[in-house]
Amino acid sequence: MTERRRTPALHFINPRFREFRNLSRFVSSNDSLSAHYGQGDVSMLRKSHLFFFLIGIAVGLMALIASGFPKFVSAAAVETSGSTSAKGIKVVMNGKVFQPNSPPFIDVGTVYLPVRDIGGLLGTSVSWNASAKTVAMYYPELTVKLVYGASNAAVNGKPVALIAPLRIVDGRIYAPLRFFSEATGADVKWEASTRTANIARSVDFVRSYASGILWLNRETGDLYSAKDDSSPAVGIGRLDAMLQGEVTLHGGWGQGGNTVLTVVDHYGEPADRYDAYGILLHGGRVVAQTKASYEGRYESTATGFQVYDPDGWIQYAVLTDGKIVTVYDDQGKAVKTYDVPKLTGADDVYFVQGIGDDYLVVRPNRTGLLTLVDLKDDSVVTLADKLLTGKDLANARGGETPARGDGLLYAGNDENGQLYFYYADPAENGNGDSMRLTYERPSYQEERDALPKPRTLSEMAAGCSADTVAAVNFQEGDQLYVPYVGADKEDRDGIALACGILKKFASKGVEETLPAYFLDRFFHGMSIDFKQGDGVQIYEIGGGKMAIGAGEGGKTVVLKDDDAVRDYGRLEVLPTELAVTPNPAYFGEKLHFEGDNGDSQASTPFVVTWLPILDHYSSTDPDPSLVIYTGTTTFGRYDVTFAIPAYGKAADGTLKPIRPGKGAIRIPSLNGGPFSTTNIDLLPAGKPFLSVDGVPAADPSLAPITVSGHVLVPVRGVAKLAGQPVVWDAASGSVLIRTKPSEAAAGGATKGAATLWINGKKAAADLQPVVRGGIAYMPIRAVTAAFGLPVVWDGGSRSVNVTTTNGER
């Protein structure tokens with residue numbers, strides 16, 4: 001087989017098993033990137049201190065620049081300039097140790113903490129714009145902006161004088177901890193013996209990074225959001241609630257113009273009570289909300305689902321009050337409701353684990369037994385009775401009120417009425433093995449009977465070859481590997497090796513019952529996909545063994561064969577790590593890189609972009625990347641050489657100059673995953689070069705020269721670009737553009753220094769040419785006058801860029 005280079009991993013998130021990729025699915029509030037924030041983990045602010053917070057933040061932050069632009073010092077300098085050692089300083093907020101990203105220090109009796117960490121401590125968002133030398137801090141009803149060197153800063157648009165100092169240590173901005181803390185109404189006590197700053201403050205706002213940045217006022221229910229740390233907090237509506245206990249804020253469905261948030265209020269002693277508030281946002285505003293109250297248990301509920309349509313997926317958002325499930329379209333309008341107690345025949349409050357256009361998977365609070373409501377045939381099924389046996393079923397029906405639950409977790413569905421679940425024994429408290437189970441809805445039996453009979457393992461193995469296989473793919477969690485494609489002749493040996501493993505399964509494999517191996521719910525293993533549409537998955541289980549399937553657990557075929565395991569390892573090849581040569585590189589110099597990005601198509605556009613490394617970038621800023629090369633890959637393989645241009649194409653299609661300095665070369669990655677990048681230092685060209693429509697000219701006859709510090713370009717070469725004639729009159733030593741020799745003579749042209757004539761007139765003195773090596777050169781300023789072509793000198797790259805009439809690159 002053709003050997004491929006092994007390179008560091010490319011990470012690409014693909015949380016669904018391969019067989020789920022085209023299926024309708026639900027999204028619960030656990031599916032967001034947000035974590036469960038406990039009461040001690042969130043930053044909240046008491047409303048009664050908001051006024052002092054605004055003034056205190058303004059004055060305190062402005063104190064950062066009171067004495068003009070601060071001097072940059074190192075941590076060592078701080079230690080040796082009358083300050084106390086920073087070792088061992090702790091910051092404790094409401095009894096919990098706060099972990100700053102950079103250590104605090106003491107200077108002249110004052111504890112300093114980085115401004116960004118103060119934002120995390122106090123529950124604000126903070127951004128730093130290096131080019132504008134501005135710190136911005138945002139909070140509900142608060143915007144603070146500080147510009148270094150100014151004597152005032154702006155608090156909610158109003159100037160406030162600065163009165164306290166700023167320290168910058170190792171490039172980080174530090175501010176006095178006590179001043180900021182007390183400005184927010186906190187009580188600060190310094191314990192010298194333990195070197196601890198104890199901060200006590202009643203909290204009022206819950207903050208979360210679900211669906212951007214969110215704040216919830218516990219007392220008023222007011223909700224605020226910001227797109228990122230560089231955006232102000234704006235009001236989005238109000239939660240109608242009387243919050244009592246530990247409050248957490250979660251993100252959920254975010255498709256089709258809708259976003260669903262969930263607020264959970266956990267309270268009550270000794271009984272656990274949970275109030276779950278569902279909030280639907282549309283157009284950035286609260287348009288609907290519900291409240292569901294549970295006792296003794298809480299689990300996240302489905303907040304949206306999608307249904308396949310030939311014209312594209314249709315997105316729906318979901319809210320529930322525990323009894324009524326309401327479905328909303330992509331305009332935020334309620335289009336359907338389900339009365340769950342009426343459908344199930346049991347008066348209870350329900351968690352909604354899964355929902356589709358013709359089914360609901362719900363869990364009643366009291367029994368905890370997951371229940372299917374099949375809307376196609378109006379049946380109601382207790383799933384434990386269908387999926388569990390023996391002690392597992394007995395434990396599920398153990399009679400506790402509320403019960404621990406049956407250990408079943410909804411995982412997804414397919415278009416043929418099959419529902420997928422994970423099962424883990426509740427008695428193990430999440431520490432035991434889990435397995436995947438399948439329930440076939442009887443209402444879809446007719447559709448399943450009409451499907452072609454699936455091939456057996458032996459049948460697939462017997463027909464496995466490079467001619468019958470579409471692709472062999474490898475994945476280990478979020479890490480993808482280079483695929484082997486049946487249409488690629490270079491991959492035939494690799495496919496033959498994969499087929500050899502499959503044939504061994506068919507001849508030597510034995511049936512075993514296995515636990516679930518991959519609790520992260522990502523696919524781990526090799527999939528052989530056949531051209532006729534079916535396929536098989538194989539994964540390693542250790543001890544020289546492999547198994548058929550995706551590691552979900554249950555009965556499967558197991559192969560023990562050391563040679564097969566070694567072949568499997570040989571087939572796992574990572575996409576090439578991007579490396580460019582030379583590095584550093586100069587504008588106009590040839591840049592080269594080659595490799596395999598894992599694309600499975602015979603020919604795919606290959607776009608190379610330059611991304612400058614910026615001190616500050618916000619999602620609201622224009623995309624700074626510039627396209628510097630376009631080509632194609634062949635089954636993911638590329639071999640690229642091009643001259644580094646002085647200009648790149650921006651997202652709006654315009655040419656923009658590339659600035660020298662540190663940046664990254666970026667190329668497309670495997671199957672549309674994250675870009676592969678490598679950092680590079682880009683330096684000004686060693687000598688001036690000419691670019692045509694942003695692309696360095698390869699023709700040496702277009703190379704410019706420098707005379708007495710001025711850049712000149714070859715007249716005849718530029719004339720060729722313009723498609724215009726130029727005449728050299730040897731008798732008078734004149735360069736004639738749209739001028740006859742007789743017109744130059746009548747105008748006084750005489751033998752001597754070269755002169756430039758345009759439209760029958762002698763050009764201005766600063767446009768006159770020079771002759772070197774028998775070639776006439778003109779100043780770049782003369783190009784537009786002579787040929788009507790826009791020309792720009794870029795000192796950063798040392799490039800003369802000529803824009804032709806069509807402007808095509």
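Modeller: Asp378 sits in the loop between S32 and strand S33 (379–382). Strands here are DSSP runs of E of at least two residues, helices are runs of H or I of at least four, and both are numbered from the N terminus. The model is a predicted one, in which local features need pLDDT of at least 70 and side-chain atom pairs need 80 or more, while totals for chains, interfaces and linings use all residues. Residue numbers start at 1 along each chain as its sequence is written, and side-chain values rest on heavy atoms, without hydrogens or water.

Back to Asp378. Its phi is near 60°, a positive value in a residue other than glycine. Most residues other than glycine have a negative phi, and most peptide bonds are trans. Asp378 is exposed, with a relative accessible area of 65%. Exposed means over 50% relative accessible area, buried means under 20%, and partly exposed lies in between (1.4 Å probe, protein chains only).

Asp693 belongs to the loop between strand S54 (689–692) and strand S55 (695–696). At 3% relative accessibility, however, Asp693 counts as buried.

Asn365 lies between strand S31 (359–364) and strand S32 (371–374). With 6% relative accessibility, Asn365 is buried. A polar atom of the Asn365 side chain lies 2.9 Å from the backbone nitrogen of Glu295. Ser231 is in the loop between strand S20 (222–226) and strand S21 (234–238). Ser231 is buried too, at 5% relative accessibility. The side chains of Ser231 and Asp228 make a polar contact of 2.8 Å. A polar contact is a pair of N or O atoms within 3.5 Å; within protein, one must be able to donate a hydrogen and the other to accept it, and residues adjacent in sequence count only if both atoms are side-chain atoms.

Ala765 is on the exposed side, with a relative accessible area of 71%. Ala765 is placed between strand S61 (761–762) and strand S62 (770–772). Its C-alpha atom is 8.9 Å from that of Thr755, 10 residues away along the chain.

Now for helix H11 (residues 562–571), whose buried residues are Ala564, Val565, Asp567, Tyr568 and Leu571. Seen down the axis of H11, they fall within an arc of 160°, so they line one face of the helix. That arc is taken from the directions from the helix axis to the C-beta atoms. Asp561 caps the N-terminal end of H11, with a side-chain oxygen 3.0 Å from the backbone nitrogen of Asp563.

The loop between H11 and strand S45 (585–586) holds Pro582. Pro584 lies in that loop between H11 and S45 as well. The peptide bond from Thr581 to Pro582 is cis, with omega near -5°. The bond from Asn583 to Pro584 is cis too, with omega near 10°.

Helix H3 (residues 115–122) is mostly covered, with 6 of its 8 residues buried. They are Val115, Asp117, Ile118, Gly119, Leu121 and Leu122. Gly123 follows H3 and has a positive phi, near 85°.

Over the protein chain, 51% of the 809 residues count as buried. The secondary structure comes to 14 helices and 65 strands.

Last, the cavities. A cavity is a set of points on a 1 Å grid over the protein atoms alone where a 1.4 Å probe fits but cannot get out, and its lining residues have an atom within 4 Å of a point. There are 3 cavities of 30 Å³ or more.

Conventions:
On a 1 Å grid over the protein atoms alone, a cavity is a set of points where a 1.4 Å probe fits but cannot get out, and a pocket is an open set with protein on both sides within 12 Å along at least five of seven lines; lining residues have an atom within 4 Å of a point. Grid points are joined across faces, edges and corners, and a volume is the space filled by probe spheres set on the points.
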